[in-house]
Amino acid sequence: MIDLQGYGPRLLEGALVTLEVAVLSLLLALTLGLLTASAKLSRHWLFHRIATLYTTLIRGVPDLVLMMLLFFGGQIGVNMITDWLYYEFDVDIFININEFIAGVVTIGFIFGAYMGETFRGAFLAVDSGQLEAGRAYGMSNRLIFRRIQFPQMMRHALPGLGNNWMVLLKTTALVSVIGLSDMVRIAAEATKATHEPFLFMIPVAVVYLLIASVSEWIVARLQKHYNVGFGEADEWNN
Amino acid sequence: MEQLNAWFTELLSDNAIFTANTLGYYLDGLGSTVRLVFLSLVIGLVLAVPLAIARGSRRKWIKWPIFFYTYVFRGTPLLIQLYLIYYGVVFIEGIQDTFLWAILKDAFYPALIAFTLNTAAYTTEIFHGAIKATPRGEIEAARAYGMSRALMMRRIIMPSAFRRALPAYGNEVIFMLHASAIASVVTIMDLTGAARFVYARFYAPFDAFLFVAAIYLCLTFAILYLFRYLEKKLLAHLKPLNG
């Protein structure tokens, strides 16, 4: 067994932090993605404009720059708002922007833009006759979404969502730069202390590969679930 | 020109942060970023083409090592690859006595190596996919003409594969530009490094980072339009007639 020179438990904690950041920002990204997609598909021009501006701006700027902007600037911005609330309305609140929040919010916002594009394409791929059929059955809009639109949309969205998740997972490594103790940061600290880069970096890389492989398997399972009724035809496209 | 200069000086005169001095940092940073991204993309492309062809080989001992390489480099964060190479080169036995050390002790070259290996892995997979998507009829036609494998590769498969790969490769170029921001982590003064420096000096996060974000945005759009133009030129035959 490899000797991690006492850094083993801390690396494990770091791996948990990585997973937490990844899963929480995935949830935020999925929510924002659905919102963006529906805003882009809505007939109201204002929603459309806002969503387009959001996806264009976010996808044009490096994730690290956005993360630093939020981490270093976020506290000042939040303080300005809470100060204003205090002077105007005498409401005394304090919001602390720490590395964890800054990381999750930034990654969630960035991938919300990518997810939005994926969802938009997938919604467009659902045959409109299906929705009309639902309406003809007297289903409410919400029921149509839940029973017809969403399950069929997921079939088209899953490959894209899976890809986005893989990229998101790797992007979580950036939170180490703003000071969150994920496994990359702990490995970097251990490297600087012991001068053994390979000993710490390679296990971390292996953990990333492991998470990626497990998620690949999960995505494949989900794909099977949402592909029910479409046979093997779709596998030719992958 | 005189007028422009005067106008520029006046514009900057009552701005504490964006003085000619700090703008110089950003300019140097722009130079570093462009150099780093451009060099790694060019070298990565040169590496990726033969790798992509070999990746489609029927021989397992050729195919599997390349697959392993692309799998590892695409499956792990670029930051880890950068750390491994940046901290790792020092520990190669006896490297500090060779001429290589003069090159490698500068952070620029380890970063260049990491970025090159990373983009080569992604580009290999992009080209491999494009080669695999060659219509079977084209290959059969080439064979019917009695072309050798090399000639078929050169005249039939590669030209059309390059075109098919173009949109995905454009994305990879933009991805590389954005990924290059992490070069600032290993002390390189690239665009992000300049922004971090200006932030630390003036404690002005919004000015420092929004300005650099705007520069990146301009670069991204420039790349986007370049590739759109290339696609329009090279993929004209794929456009629908009344498009």
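Me: Which pattern does chain B follow along the sequence?
Reply: This is a predicted model. Read along the sequence, chain B runs α-α-α-α-α-α-α-α-α-α, with 10 helices and zero strands.

Me: How do I read the span of a helix, taking H2 of chain B as the case?
Reply: Set the distance from its first C-alpha to its last against the span expected at 1.5 Å a residue. Helix H2 of chain B, residues 20-55, has 36 residues and reaches 50 Å, close to the expected 52 Å.

Me: Where does H2(B) bend?
Reply: The bend is at B:Ala48 and amounts to about 30 degrees. A proline, B:Pro50, follows within four residues.

Me: What does the radius of gyration say about chain B?
Reply: The value is set against that of a compact globule with 243 residues, which would be near 18 Å; chain B has 22 Å. Along the principal axes, its C-alpha atoms fill a box of roughly 75 × 60 × 30 Å. Of the residues of chain B, 33% count as buried. Among contacts in chain B with a separation of 6 or more, 78% join residues 24 or more positions apart.

Me: Which residues have the most contacts inside the largest nonpolar core?
Reply: In soluble globular proteins, nonpolar side chains tend to be buried together. Here the largest nonpolar core has 88 residues, and A:Val65 and B:Leu79 have the most contacts inside it. Helix H4 of chain A, residues 99-125, gives the most to this core, with 10 residues. Another core, of 16 residues, lies apart from it and includes B:Ala48, B:Phe73, B:Ala120 and B:Ala121. B:Ala48 is also where H2(B) bends.

Me: What is A:Val65 in contact with, leaving aside its neighbours within four places in sequence?
Reply: Its contacts are B:Ala181, B:Thr192, B:Ala195, B:Phe209, B:Val212, B:Ala213 and B:Tyr216.

Me: How many residues does the contact take from chain A and from chain B?
Reply: Chain A gives 26 residues and chain B gives 28 residues. On the chain A side, the elements giving two or more residues are helices H3 (63-89), H7 (183-194) and H8 (197-226). That side divides into 21 nonpolar, three polar and two charged residues.

Me: Why does A:Gly74 count as buried?
Reply: Burial is read from a count of C-beta neighbours, with 20 or more inside 10 Å as the cut-off. A:Gly74 counts as buried because it has 21 such neighbours. This glycine is in helix H3 of chain A. Beyond its neighbours within four places in sequence, A:Gly74 is in contact with A:Ile97 and A:Ala102.

Technical notes: Residues are numbered from 1 along each chain as its sequence is written. Chains are lettered from A and ligands numbered from 1 in the order in which they are written. This is a predicted model: local features need pLDDT of at least 70, side-chain atom pairs count only at pLDDT 80 or more; totals for chains, interfaces and linings use all residues. The expected span of a helix is 1.5 Å times one less than its number of residues. The bend at a residue is the angle between axes fitted to the seven residues ending there and the seven starting there. The radius of gyration is taken over C-alpha atoms; the globule rule is 2.2 Å times the number of residues to the power 0.38. A residue is buried if 20 or more other C-beta atoms lie within 10 Å of its own, exposed if 12 or fewer, and partly exposed in between; C-beta atoms are placed from the backbone. Two residues are in contact if their C-beta atoms, placed from the backbone, lie within 7 Å. A nonpolar core is a set of buried Ala, Val, Leu, Ile, Met, Phe, Trp, Tyr and Cys residues joined through C-beta atoms within 7 Å. Ala, Val, Leu, Ile, Met, Phe, Trp, Tyr, Cys and Pro count as nonpolar, Asp, Glu, Lys and Arg as charged, and the others, Gly among them, as polar.
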